[in-house]
Amino acid sequence: MSNYSINEFIRKTKQDESENEFFELETPRILEVNLSDHVWAKAGSMISYNGSIKFEREGILEHGVGKMFKKAFSGEGSSLMKAAGRGRLYLADQGKKITIFNLDNEAITVNGNDLLAFEPGVSWDIKLMKKVAGMMSGGLFNVTLEGSGRVAITSHYEPLTLLVRPGEPVITDPNATVAWSGHLKPEFRTDVSLKTFIGRGSGESIQMEFKGEGFVIVQPFEEIVTTGSGS
């Protein structure tokens, strides 16, 4: 471990005040939001801020009755908060690596637990994985974001992007799947033969199968999400 004087440590780790983009990576695991209006972020992700910023839990009817019922049915583990005002806001989620996408009239679907923040101009909708409801606990919902604007997602360690091509489907573990092309619609299947593997004996193994053309982002970590109320 390196040794520093206090002044050396401050110089090495202090915030970069020259940054002024709406979303900036202050470190690979800390997102800086240069706020002048408002932003939607994962509830509980704020670690620091300066300026005049107020935080509000997502209102029950703020995004319409349809989304409210889908959230209730999905047992969503992480709700949204709205940060409004002016200042610098710093977000993080359990030390996970952060990736920023700049959507240009595009769509991306993100595992609900891996969505950190998005600009207010980006439209979103919750997609339920109805075919696997009851098969696995947690991670049963995704959020599809589309339009133009920035979206920040998280992953454990370095993510890997797998290309999906016609006739070459990609199979993934749902707990290791972070995001995918917004137009792809994964199918779910089980492989009972995996029950014979060590650590897989507690039930059927659920797999996601992506067909068509696009991409899938996975992480080298199986994240088990507990259903229930958000933090």
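User: What share of the 231 residues in the chain is buried, and what makes a residue count as buried?

Analyst: In this predicted model, buried residues make up 43% of the 231 residues in the chain; a residue is called buried because its relative accessible area is under 20%, while exposed means over 50% and partly exposed lies in between, with a 1.4 Å probe and protein chains only. Because the model is predicted, local features need pLDDT of at least 70 and side-chain atom pairs count only at pLDDT 80 or more, whereas totals for chains, interfaces and linings use all residues. Residues are numbered from 1 along each chain as its sequence is written, and side-chain values use heavy atoms, with hydrogens and water left out.

User: Why is Y49 called partly exposed?

Analyst: Y49, which has its place in strand 4 (residues 46-57), has a relative accessibility of 38%, and therefore it counts as partly exposed.

User: Which residues form a nonpolar patch on the surface, and what makes a patch?

Analyst: The patch consists of M46, Y49 and F55, which together have about 240 Å² of accessible area, an area that comes from the Shrake-Rupley method with a 1.4 Å probe, where for residues only the protein chains shown count as cover.

User: How many helices and strands does the chain have, and how are they defined?

Analyst: There are 2 helices and 15 strands in the chain; helices (H or I, at least four residues) and strands (E, at least two) are DSSP runs, numbered from the N terminus.

User: Why are strand 6 and strand 9 said to pair?

Analyst: Two strands pair if DSSP finds at least two bridges between them, and strand 6 (residues 97-111) and strand 9 (residues 141-155) have 14 bridges in the antiparallel sense, so they pair. Within this pairing, I100 stands opposite A152 in strand 9. Strand 6 also pairs with strand 12 (residues 177-181), in the antiparallel sense over 3 bridges, and there I108 stands opposite S181 in strand 12.

Conventions:
Patch = residues over 30% accessible without salt bridge, like charges linked within 9 Å, V, L, I, M, F, W, Y side chains within 5 Å. Salt bridge = Lys/Arg side-chain N within 4 Å of Asp/Glu carboxyl O.
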